[in-house]
Structure formats: structure tokens, C-alpha cells
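Let's take a friendly walk through this model, starting with the ligand and its surroundings. Please have the sequence and the 3D view open as you read.

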Amino acid sequence: MGYKNLILEVEEGIALLKINRPKVLNALNRETLLELQQALKEVEEREDVRVVILTGEGEKSFVAGADIAEMKDMTPTQALAFSQLGHATLGMIENLGKPVIAAVNGYALGGGLEIALACDFIYASQQAKLGVPEVTLGIFPGFGGTQRLPRLIGKGRAKELIFTGEMVDAQMAHELGIVNKVFPPERLLEEVKNTARRIAQNGPVAVSMAKGSVNAGYNLGTEEGEAIEITIWANCFATHDQKEGMGAFLEKRRPQFRGE
Ligand code: CAA
């Protein structure tokens, strides 16, 4: 399917999904969020996709936030709908049955950092700048930033970033635990693809179930989370890939996973 504000390329089991509004540093307007929902449905359904990489078109920006021009004259009712659309879209990323890696190639600000936080993990370019500057605009993070950021880096550190609106560089974002790895700009995409290829070699159902298990337990107590893990783990044994993976190990050959 063709998109106006996105570029979707699939190669070797990896979908590269780029936000493509470089003139406005890939800011997220309604149309782009709706297209993202379509693209997420597409990659979820496509059997040739095992891992998704989310990045921004151009050298300067991943996503510089929600579209300020579109938001400026919103009424509270329109703002409610816009935030709900953002949450629904980011929720689709978080709950996609396939891993989604954010390749932060430049500015990841406001809704841009929030969309990266909805991905499973983040790699960044040394040139990246990350932050939640919404308070400088008279609002605060409204695409999940007040929820996902404190859970990831702790309440105090998240509040400092949210209240000051300060941008941090990739190294600082790494030290804070927002970013898993930092690379020179020219190596970022290849390194993300290398990780995506490693994941794509594994049993897709097992990877998907692992994602579901981590997500399902993340906001629960340990005992409830463990109960969920037990159930999901046992379900692996209903798959072809579990028999194949263990059979291949015992027969000393490479497994042929089928994703079922
Ligand atoms: N929305 C709409 N347009 C944006 C934008 C955004 N979030 N970010 C940048 N742009 C536009 C600029 O208006 C400019 O357009 P024109 O060429 O037509 O003037 C173009 O992109 C290039 O931007 P700059 O000229 O500002 O580029 P710069 O290099 O001088 O600065 C920047 C880069 C520091 C990222 C700066 O653009 C900036 O501060 N952007 C806004 C960042 C921001 O506040 N994001 C949060 C948005 S609110 C939000 O996301 C709400 C939420 O929680 C969901």
C-alpha cells in the first residue's frame, strides 16, 4: 500500500518504516498518525515481516513532536481526540505482535520521544537530541510521556526532563536508560538492521510471546506477572517452532522456524 507521509520498505524480513515529512522535521499530524495505524496493520499482517524499524526521513530529525501548526487552534474536544489518536497509535506499536526498534536519527522531541518510547527499545545516532519540550509550548507530554518515561527512567528523572523541557544528547539519554546503544550517524541504520536480523532468525512466535509477556506483566506486581509468564510460556509448546527449535538443537542442525 502507498502512503503520503510514510515510507515502508520490506527486505529480508525487516520492515523499515520512515516518518516522511522532512520539511517539518517529521512532525506528527493527524493524517500521519492515521497512516501509521494503517502501516502498523499492514506490517502486523504481512508474513514477510518479522521485525519493524521505525525511523525518520532525512538527516536531521526522527520526529520533532506532534504538529504544532495543527494543534495551535484546537479546542479541548479536538485536543482530546488528538491525544486519544496518539495514544491509540502508540499503543498499536507497543502491542504489535512483532518487535519494533526505534532508530533515532536526529531530533526526538515531544511526541517524537513518546513514539520512540512506545517502541520495544531505542538505538540512537550520536547526533540525536531527545526531550519533552511541551511545557515550553504551554502544554505537557500528551502521547504517553508522563506514563512511559517515569516507568523507564524513574519518577524524579522523568519529572526533571518534563518540567524543564530540556533536550539531552544521545550519550546522556543512554546514561539515563532511554537509549540502549549509540552509534555514529552513518552506522546507525546498519547497526539497527544487524540487531533486527538477529531477532528475525529466532522463532517469531516465541519472540512475539516474549514481548507480550514482558508487556503484560510490566505494570503488575511480580506474582501476577509471573502467573502471566507461566501461561504464555506453556503456550509455546503448542507451536511447531518449539518442536522444531528443540529438535534442531538435539539433532545439531539449524532450526527452520515457520512462525507457527
Ligand atoms: N510541529 C510543526 N512544525 C515543526 C515542528 C513541530 N513539532 N518542529 C519543527 N517544525 C517545523 C518548523 O516550524 C520549520 O518550519 P518552516 O521551515 O516552515 O519554518 C521546520 O520544521 C524546520 O524547523 P526549524 O526551522 O525550527 O529548525 P531548527 O533547526 O531551527 O530547530 C528544533 C529544530 C529545535 C527541533 C525546532 O524545530 C523545534 O523546537 N521544534 C519543536 C519541538 C517541539 O516543541 N516538540 C514538541 C511538540 S508538542 C507535542 O509533541 C505534544 C505531545 O505531547 C503529543
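## Around the ligand

The ligand is surrounded by 24 residues, and the closest are Lys60, Ala66, Gly111, Glu134 and Gly142; a residue counts as near if one of its heavy atoms lies within 4 Å. This is a predicted model, in which local features need pLDDT of at least 70 and side-chain atom pairs count only at pLDDT 80 or more, while totals for chains, interfaces and linings use all residues. Residues are numbered from 1 along each chain as its sequence is written, and side-chain values use heavy atoms, with hydrogens and water left out.

A backbone N or O atom of Ile68 lies 2.9 Å from a nitrogen atom of the ligand. A polar backbone atom of Gly111 is 2.8 Å from a ligand oxygen atom, and a backbone N or O atom of Gly142 lies 2.9 Å from an oxygen atom of the ligand. On its own the ligand has 980 Å² of accessible area, and the protein covers 64% of that (Shrake-Rupley method, 1.4 Å probe). Helix 2 (68-71), strand 6 (107-109) and helix 4 (111-118) are the elements that give two or more residues to the shell around the ligand; helices (H or I, at least four residues) and strands (E, at least two) are DSSP runs, numbered from the N terminus.

## Helix 4, an enclosed element

Why is helix 4 described as largely enclosed by the rest of the structure? The reason is that 8 of its 8 residues are buried, meaning under 20% relative accessible area with a 1.4 Å probe and protein chains only, where exposed is over 50% and partly exposed is in between. Among these buried residues are Gly111, Leu113, Glu114 and Ile115.

## A partly exposed isoleucine

Ile139 sits in the loop between strand 8 (129-131) and helix 5 (145-153). Because its relative accessibility is 40%, Ile139 counts as partly exposed.

Now look at the start of the chain. Strand 1 (residues 6-11) and strand 2 (residues 14-19) pair in the antiparallel sense over 6 bridges; pairing requires that DSSP finds at least two bridges between the strands. Val10 stands opposite Ala15 in strand 2. The hairpin has 2 residues between its strands, and Glu12 takes a positive phi near 50 degrees.

## Cys236

Helix 10 (residues 222-236) contains Cys236, which is buried at a relative accessible area of 17%. The C-alpha atoms of Cys236 and Ala210 are separated by 9.9 Å, although the two residues are 26 residues apart along the chain.

Notes: A polar contact is a pair of N or O atoms within 3.5 Å; within protein, one must be able to donate a hydrogen and the other to accept it, and residues adjacent in sequence count only if both atoms are side-chain atoms.
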